[in-house]
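These are my notebook entries on a structure that I have not examined before.

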Amino acid sequence: MLRVQDLHKIYGDRPAVAGLSFDVGAGEILGLVGPNGAGKTTTMRIVAGVLPATSGSVSVAGFDVRSQALDAKRRIALVPDDPNLFGNLTVGEHIEFTSQVYGLAAGWRERGDALLAEMELTERKDDLASELSRGMRQKVAIACALLHEPTLLMLDEPLTGLDPRGIRTLYSTLRRRAESGAAVVVSSHLLGQIEGLCSRFLILATGRKLFDGTKDGIRGQLGSLHADATLEEIFFQATEGSVPAPVSTHPAAEAPPIPAPPEPPAP
């Protein structure tokens, strides 16, 4: 569904993406992970046709993003990490605007209503975007992204601003799209949150591919981790060559010992 071959993006003399190649098949949910500056957002923007590549090729469902841009973009949806909605449009008007942008025929309104219900936004349909919280705006952007039924869905840090229920709703939505044959790419720093969602992981650093495979497959390539290693442990071993000691988050473990009161002075 997505094929990236020898992708390069250079800003001045700094490579943001350097010789990156990978595929994502129908039904896969790929976790795109890496430290800050690894090239995750740049890669997604190039795939979506927002940024031009310096060199290399990207194809979506067999359509080249550069030479067949319109055909490719009709099959792509990108939800950025901070969606810029139109503050003076309501939630429902965003759905209608999206339908016009993609030239959708009859049936989009019913599909839009179903998506708003899926994203738990039905009661907010007439609210202005400027009145919504960050998490609500994220849900609106996801609903709009799904309206034209993309075959490639990419989400950059989609968990930001979502409460636990919103995260669970999003995961159910992504799994359903993958089960229906779409390819899904999720970029996130919250490794513990996406560990159980993604079927495969692509670990990047400085614009290059370090590892590509299932969690167990990557752990096996590293060789020095225990069989129950978490994605976070795998990530640190892959990117830094070591696994930091766990840090306790229990308040009693972090608080310093309370000193004993001083002895009263002798009479």
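Entry 1, a helix pair. I looked up helix α8 (residues 215-222) and helix α9 (residues 231-240), which pack at an angle of about 40° with their axes 10 Å apart. Helices (H or I, at least four residues) and strands (E, at least two) are DSSP runs, numbered from the N terminus. Axes are lines fitted to C-alpha atoms, for helices over the stretch in contact, and angles run from 0 to 180 degrees between N-to-C directions. The angle makes α8 oblique to α9; angles under 35 degrees count as roughly parallel, over 145 as roughly antiparallel, 65 to 115 as roughly perpendicular and the rest as oblique. On the α8 side I noted Lys215, Ile218, Arg219 and Leu222 in the contact, and on the α9 side Leu231, Ile234, Gln237 and Ala238. Contact means heavy atoms within 4.5 Å.

The model is predicted: local features need pLDDT of at least 70, side-chain atom pairs count only at pLDDT 80 or more, and totals for chains, interfaces and linings use all residues. Residues are numbered from 1 along each chain as its sequence is written, and side-chain values use heavy atoms, with hydrogens and water left out.

I traced an open sheet of six strands in the order β6-β7-β8-β3-β9-β10, with mixed pairing. Two strands pair if DSSP finds at least two bridges between them. The edge strands are β6 (76-79) and β10 (208-213), each pairing on one side only. From one strand to the next, the twist averages 15°. Strand β9 (residues 200-205) is antiparallel to β10, with five bridges; phenylalanine 201 has glycine 213 in β10 as its bridge partner.

Glycine 31 stands opposite valine 186, and aspartate 156 has serine 187 as its bridge partner.

Helix α5 (residues 134-146) lies across β6 and β7 and runs at about 175° to β6.

β1 and β2 form a hairpin with two residues between them, and glycine 12 in the turn has a positive phi of about 65°.
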